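Here is a short note to go with your first look at this protein. Please keep the sequence and the model open as you read.

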Amino acid sequence: MTHLHQAILKRLHETEDNPAVDADRKLTTYSQLAGQIAAIQQRIARCRAVGILSTRKLEAYITVLACFFSGIRFVPMNPALPRDRLLSIAKFGGVDQIAFDASTADLAGSLGQVTLDICDEIAQLATDNGVIQHVEVKPTEIAYQMFTSGSTGDPKGVPVSYGSLSHYVTGIIDCLQMPEGGRYSQLFDLSFDLSIHDIFVTLANGGTIVSATAFDLLMPHVYIEKMQLDHWFSVPVLAASAARGQAGKELKWQLSTALFCGEALPTDYASNFCQFIKDGGPLFNLYGPTEATIAFTTRKFDPDLNGFPTVPLGNPFGGNVIAIETENGIIPSIDEGGSGELLLGGPQIFAGYDPDLGDGMFISDDGQKYYRSGDLVEVVDGELIHLGRKDSQIKLHGYRIELGEIEAVFRRQFGCSAAAAIVIGEAEQGRIVVAFEHDGKIDDIEPLRDNLPAYMIPSAIKRLDALPTNVNGKVDRKALASLDWTT
Ligand code: AMP
């Protein structure tokens, strides 16, 4: 049994009457949650992998935990994704049953797969204090598979093991010294691995998961006050909208802690968000890719540390290690300075994508194996600063996007010889546009919606006789960005 299994079982048994989940205006206690988990366990016992077509709902949390205790891999399937993309996630994830809630019943029915009605099963089978079956797992077995954007044109599944997940949750609670109990925000979609932090950190700490509605995502300052949150975790862009929404209004509720992850955290976003935290309580920047299990480094925000446009990435925690691959070789400690690609090593690193193991994403040095993060960093005054990406992966409004995937789908869909996707505009104004070469005309980009999620659909496209290239013969993305994209 991993530390995490033990920690959550203990909470389910010892904090029985405390609220575990506050979702859809209903509180569910720890003992009710235990009964619901036990009920779903009966229905998934024979599965190898369960797709979860539910997000920010009690049903999603129950199914995640039922899989976790049954030793069954779960695969989040975001209901907002196009049908074809959901089907490829089910196929590549080896899903043999898709669990759905009342809001996703029609969508689940349209997928033509074996499905599981979570609400119905709970209504029939759940009892308070139901006994959770705990199936023994090896730390190397896969707990969940998270599908992100893939540059080949298909979503890419990142398998994360029980050992890595357990290491992360116990490590982050210890590193941030999170107090026991309290009400935790839950803003992330289940298909974004930061939601796994929300679920497991909150329950391991005896707290309450407070699920956000679509309205809460638009009005985060109202969510903090109305739901009387203690602990905040979101992408940086929500810090800016919370501060904007709160401007000129009386502050009636304050958090104890705030965490941000997923994108570079602008220093002014962090400064402005401090008003929402009582007694100068801590605000942390977390950094990490899905492949390294949720987050890998942390840095407490220091308002007196001026001069950096974004909050530094900080240091690894637990048994995690980092190094930088510079032009002069690998530097195993940031104390020595340097700049280059950030390398990540230790128990949170995944074993590789199946089936293309070992395609150059790992490197070994002095007996330590590292994952190449693709993130470029520089050490400035002893601080680790994020400079951007080595590849064409971007973050837009918190979503991880491979521009190469948009290009691959665009070429495939319209039969173009060449297509280049770029982002124009800064931060919140950023939008994706695509330039392409084609003999004919493309009037309608709607077909892209069959394969790409809404956040990857270009806001403008432009036909060119030839894409501009630089001296190396590569597409000149700067030249593309300088074109007129207003129409
Ligand atoms: P994901 O796998 O969706 O979590 O995306 C991981 C990528 O998001 C990282 O490789 C970084 O490029 C970016 N990222 C995550 N957190 C941060 C952060 N605090 N600062 C800068 N970039 C970040």
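Which residue forms a salt bridge with Glu405, and how far apart are the closest N and O atoms?

1. The partner is Arg85, with 2.8 Å between the closest N and O atoms. A salt bridge here is a side-chain nitrogen of Lys or Arg within 4 Å of a carboxyl oxygen of Asp or Glu.

2. A word on the basis: this is a predicted model, where local features need pLDDT of at least 70 and side-chain atom pairs count only at pLDDT 80 or more, while totals for chains, interfaces and linings use all residues. Residues are numbered from 1 along each chain as its sequence is written, and side-chain values use heavy atoms, leaving out hydrogens and water.

3. You will find domain 1 at 3-211 and domain 2 at 393-481, with bounds from an automatic or database domain assignment. Their centres, taken over C-alpha atoms, are 34 Å apart. Domain 1 brings 15 residues to the contact and domain 2 brings 17, contact meaning heavy atoms within 4.5 Å.

4. About 1,100 Å² is buried between domain 1 and domain 2, and carbon and sulfur atoms give 46% of that area. Buried area is the accessible area (1.4 Å probe) that the two parts lose on being put together, summed over both. The count of salt bridges between these domains is one.

5. Now to Cys274, which sits in the loop between helix 12 (267-273) and strand 13 (283-287); helices (H or I, at least four residues) and strands (E, at least two) are DSSP runs, numbered from the N terminus. Beyond its neighbours within four places in sequence, Cys274 is in contact with Leu283 and Phe301.
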